[in-house]
Amino acid sequence: MYTTKDKVLIIGDKLKVEGQIGREDLLIHYETYNSYRFLEFNGKSIVLDADLKKIAEITASSNSTLIGKTLYEVKGNSLVEIDLSTVVKD
């Protein structure tokens, strides 16, 4: 749950607020490609393998769209394409 001050509330099992963290401290899992996970952190993506080990960091955010083996993102007036076969092994 987000607050108006861009904080994320930590809710316990009894639905009570147990704390809060800043949105900038979150890793957001936005895509999975084969067994690789893509997590956004501060506008960049961290790529994890099946063992959750970091294998790459790319300049893509959770606004990216995966089509086939290509990750697309619109940045300003540009369309950025990242061929995932250059980042991960199939």
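Reader: What makes E4 and strand E5 count as a pair?

Author: In this predicted model, five bridges join E4 to strand E5, which covers residues 44-48. Two strands pair if DSSP finds at least two bridges between them, and with five bridges E4 and E5 therefore count as paired, running antiparallel. One of the bridges can be named: Phe-38 has Val-47 in E5 as its partner. The two strands belong to a hairpin with two residues between them, in which Asn-42 takes a positive phi near 55°.

Reader: How do you know that strand E3 pairs with strand E4?

Author: The reasoning uses the cut-off of at least two bridges. Strand E3 (residues 28-33) is joined to strand E4 (residues 36-41) by five bridges, so the two are called a pair, and their direction is antiparallel. Ile-28 stands opposite Glu-40 in E4. E3 and E4 also form a hairpin with two residues between them, and Asn-34 in the turn has a positive phi of about 55°.

Reader: Why are strands E7 and E9 said to stand at the edges of their sheet?

Author: The sheet is open and has three strands in the order E7-E8-E9, with antiparallel pairing. E7 (65-67) and E9 (78-83) each have a single partner strand, so one side of each is left without a neighbour in the sheet. Neighbouring strands here are turned by 30° against each other on average, direction ignored. Between E7 and strand E8 (residues 70-75) there are three bridges, and Thr-65 has Tyr-72 in E8 as its bridge partner.

Reader: Why is Ile-82 called buried?

Author: Ile-82, which is found in strand E9, has a relative accessibility of 15%. Buried means under 20%, and therefore Ile-82 counts as buried. Leaving aside neighbours within four places in sequence, Ile-82 is in contact with several residues, including Ile-58, Leu-71 and Val-87.

Key:
Residues are numbered from 1 along each chain as its sequence is written. This is a predicted model: local features need pLDDT of at least 70, side-chain atom pairs count only at pLDDT 80 or more; totals for chains, interfaces and linings use all residues. Side-chain values use heavy atoms; hydrogens and water are left out. Helices (H or I, at least four residues) and strands (E, at least two) are DSSP runs, numbered from the N terminus. Axes are lines fitted to C-alpha atoms, for helices over the stretch in contact, and angles run from 0 to 180 degrees between N-to-C directions. Buried means under 20% relative accessible area, exposed over 50%, partly exposed in between (1.4 Å probe, protein chains only). Contact means heavy atoms within 4.5 Å.
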